[in-house]
Amino acid sequence: MTNIKKQKTKKERLEEKFRVGRSSAGLGLFAKVSFKRDEKLLEYTGEMITGEEADRRGGKYLFEIGKKHVIDGKERGNIARYINHSCSPNAEPEIDGRRVFVYAIKSIKEGDEITYNYGKEYYDDYIKPHGCRCEAKKHLR
């Protein structure tokens, strides 16, 4: 009898590293393992649509990757959609062609929430009118 090791699915590999849970801003993405600075965490995935289609659809999981392309990350299989904004983030998205990868910009410990800065335009349009709820802002209050 051969001993065949079952390959883990992408979803299973992500579930070993991350969990979705409650945060100060609603649901957030949390590390189940530690990550080193500059380590690739995960990819922001979804349907590739045009900027025009993104404007028509609207939604809060749209990741603009250029003037003509937007990733609609609304599907729950895209766990990167649970990454919340922070004014003092521990991660940063990086656009590579038509793909977006999220990298650690600080050491991240098991249990830490994964966050990145959503940028000035998103902050001004969606976060500022309701007040920023990130942990960094809570410490300033």
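Me: Before anything else, what does "contact" mean here?
Reply: Two residues are in contact when heavy atoms of theirs lie within 4.5 Å. The model is predicted. Leaving aside neighbours within four places in sequence, F18 is in contact with L29, F30, A31, K32, F35, L41, L42, I79 and I114.

Me: Which residues have the most contacts inside the largest nonpolar core?
Reply: In soluble globular proteins, nonpolar side chains tend to be buried together. Here the largest nonpolar core has 22 residues. Those with the most contacts inside this core are F18, L29, L41, L42, I83 and I114. Strands β2, β3, β9 and β10 each supply at least two residues of the core.

Me: In what order do the strands of the four-stranded sheet stand?
Reply: The order is β1-β2-β10-β7, in an open sheet with mixed pairing. The edges are taken by β1 (18–23) and β7 (84–85); each has a single partner strand, so one side of each is left without a neighbour in the sheet. Helix α1, residues 10–17, packs on this sheet and touches β1 and β2. The direction of α1 makes about 55° with that of β1.

Me: How many bridges hold β1 to β2, and how many hold β2 to β10?
Reply: β1 and β2 pair in the antiparallel sense over six bridges. Between these two strands lie two residues, and the strands form a hairpin. One place to look is G21, which stands opposite G28 in β2. Strand β2 (residues 26–31) also pairs with strand β10 (residues 113–116), again in the antiparallel sense, over two bridges. Across that pairing, L29 has I114 as its bridge partner, and F30 stands opposite E113.

Me: Which strands make up the three-stranded sheet?
Reply: The strands are β3, β9 and β8, in the order β3-β9-β8, and they form an open sheet with antiparallel pairing. The edge strands β3 (40–44) and β8 (91–96) each pair on one side only. Direction ignored, neighbouring strands of this sheet are turned by 30° against each other on average. Four bridges join β3 to β9, residues 99–104. To locate this pairing, find Y44, which stands opposite V100 in β9.

Me: How many aromatic pairs are there, and how is such a pair read?
Reply: A pair of aromatic rings is described by the distance of the centres and the angle of the planes. A search of the whole structure finds five aromatic pairs. In one of them, the rings of Y118 and Y122 have centres 4.9 Å apart and planes at 80°, so the pair is edge-to-face. Y122 also pairs with Y126, with 4.7 Å centre to centre and 35° between the planes, and that pair is tilted. Both Y122 and Y126 lie in helix α3 (residues 120–127), four residues apart, about one turn of the helix. Y116, Y118, Y122 and Y126 form one aromatic cluster.

Me: Why is Y126 called partly exposed?
Reply: The term covers relative accessible areas between the buried limit, under 20%, and the exposed limit, over 50%. Y126 has a relative accessible area of 48%, so it is partly exposed. Y118, at 26%, is partly exposed, and Y122 is partly exposed at 24%.

Me: Which charged residues lie over the rings of F30 and F101?
Reply: R19 lies over the face of F30, at 4.5 Å from the ring centre. Over the ring of F101 sits the charged end of K40, 4.2 Å from the centre of that ring.

Key
Residues are numbered from 1 along each chain as its sequence is written. This is a predicted model: local features need pLDDT of at least 70, side-chain atom pairs count only at pLDDT 80 or more; totals for chains, interfaces and linings use all residues. Side-chain values use heavy atoms; hydrogens and water are left out. Two strands pair if DSSP finds at least two bridges between them. Axes are lines fitted to C-alpha atoms, for helices over the stretch in contact, and angles run from 0 to 180 degrees between N-to-C directions. A nonpolar core is a set of buried Ala, Val, Leu, Ile, Met, Phe, Trp, Tyr and Cys residues joined through side-chain atoms within 4.5 Å. Buried means under 20% relative accessible area, exposed over 50%, partly exposed in between (1.4 Å probe, protein chains only). Rings of Phe, Tyr and Trp (its six-membered ring) pair if their centres lie within 6.5 Å; planes under 30 degrees apart count as stacked, over 60 as edge-to-face and the rest as tilted. A charge sits over a ring if NZ of Lys or CZ of Arg is within 6 Å of the ring centre and within 35 degrees of the ring normal.
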